[in-house]
Amino acid sequence: MSLDGELFEIQIAVLPDCFGIIPKLHHLLGDAWAYVLISTQFNMLLSDQIPETHSFAEYVELDKTYRTSKKYIRDLEFFKRNIAAFDEPVYLCE
């Protein structure tokens, strides 16, 4: 089975003993987060669960909400404390 569009193609491999997905994404879509979402949602479907889906605009709104939350501030402080242990320079974009 194949799902495809202008920017992506996802092959679903069905073998006698297992299932798998082979995602091929345009580099604009294919970051680590996208692959985590694809695999998480695929695993949910295999477990007879309906994954929660969002449009890109909804993800932007969720991100805006997160960036103004107390959780974001805690996460940022955690990152800053832990990144100090690395020797190479790291530049944070805030």
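A hairpin of four residues joins strand β2 to strand β3 in this predicted model. Strand β2 covers residues 8-14, and strand β3 covers residues 19-25. The two strands pair in the antiparallel sense. Seven bridges connect them. In one of these pairings, Ile10 has Pro23 of β3 as its bridge partner.

Helix α1 runs over residues 32-46. This helix has 15 residues. From its first C-alpha to its last, α1 reaches 21 Å. That span is close to the 21 Å expected at 1.5 Å a residue. The buried residues of α1 are Ala34, Ile38 and Phe42. Seen down the axis of α1, these buried residues fall within an arc of 65 degrees, so they line one face of the helix. A general rule of helix geometry applies here. An α-helix has 3.6 residues a turn, so residues three or four places apart point the same way. The buried residues of α1 pack against β2 and β3. Just after α1, Asp48 takes a positive phi of about 60 degrees.

Aromatic side chains were examined next. A pair of aromatic rings is described by the distance of the centres and the angle of the planes. The structure holds two aromatic pairs. One of them joins Trp33 and Tyr59, with ring centres 5.0 Å apart. Their planes stand at 85 degrees, over the cut-off of 60 degrees, so the pair is edge-to-face. This pair links distant parts of the chain. Trp33 lies in helix α1, whereas Tyr59 lies in helix α2, which covers residues 56-67. The two residues are 26 residues apart. Trp33 has a relative accessible area of 47% and is therefore partly exposed. Tyr59 also counts as partly exposed, at 22% relative accessibility. This value is not under 20%, so Tyr59 does not count as buried.

The other pair is formed by Tyr66 and Tyr72. Their ring centres lie 5.3 Å apart. The planes of Tyr66 and Tyr72 are at 85 degrees, so this pair is edge-to-face as well. Tyr66 is partly exposed, with a relative accessible area of 30%. Tyr72, in contrast, is buried. Its relative accessible area is 17%, which is under the 20% cut-off.

Key: Residues are numbered from 1 along each chain as its sequence is written. This is a predicted model: local features need pLDDT of at least 70, side-chain atom pairs count only at pLDDT 80 or more; totals for chains, interfaces and linings use all residues. Side-chain values use heavy atoms; hydrogens and water are left out. Two strands pair if DSSP finds at least two bridges between them. The expected span of a helix is 1.5 Å times one less than its number of residues. Buried means under 20% relative accessible area, exposed over 50%, partly exposed in between (1.4 Å probe, protein chains only). The arc is that of the directions from the helix axis to the C-beta atoms. Contact means heavy atoms within 4.5 Å. Rings of Phe, Tyr and Trp (its six-membered ring) pair if their centres lie within 6.5 Å; planes under 30 degrees apart count as stacked, over 60 as edge-to-face and the rest as tilted.
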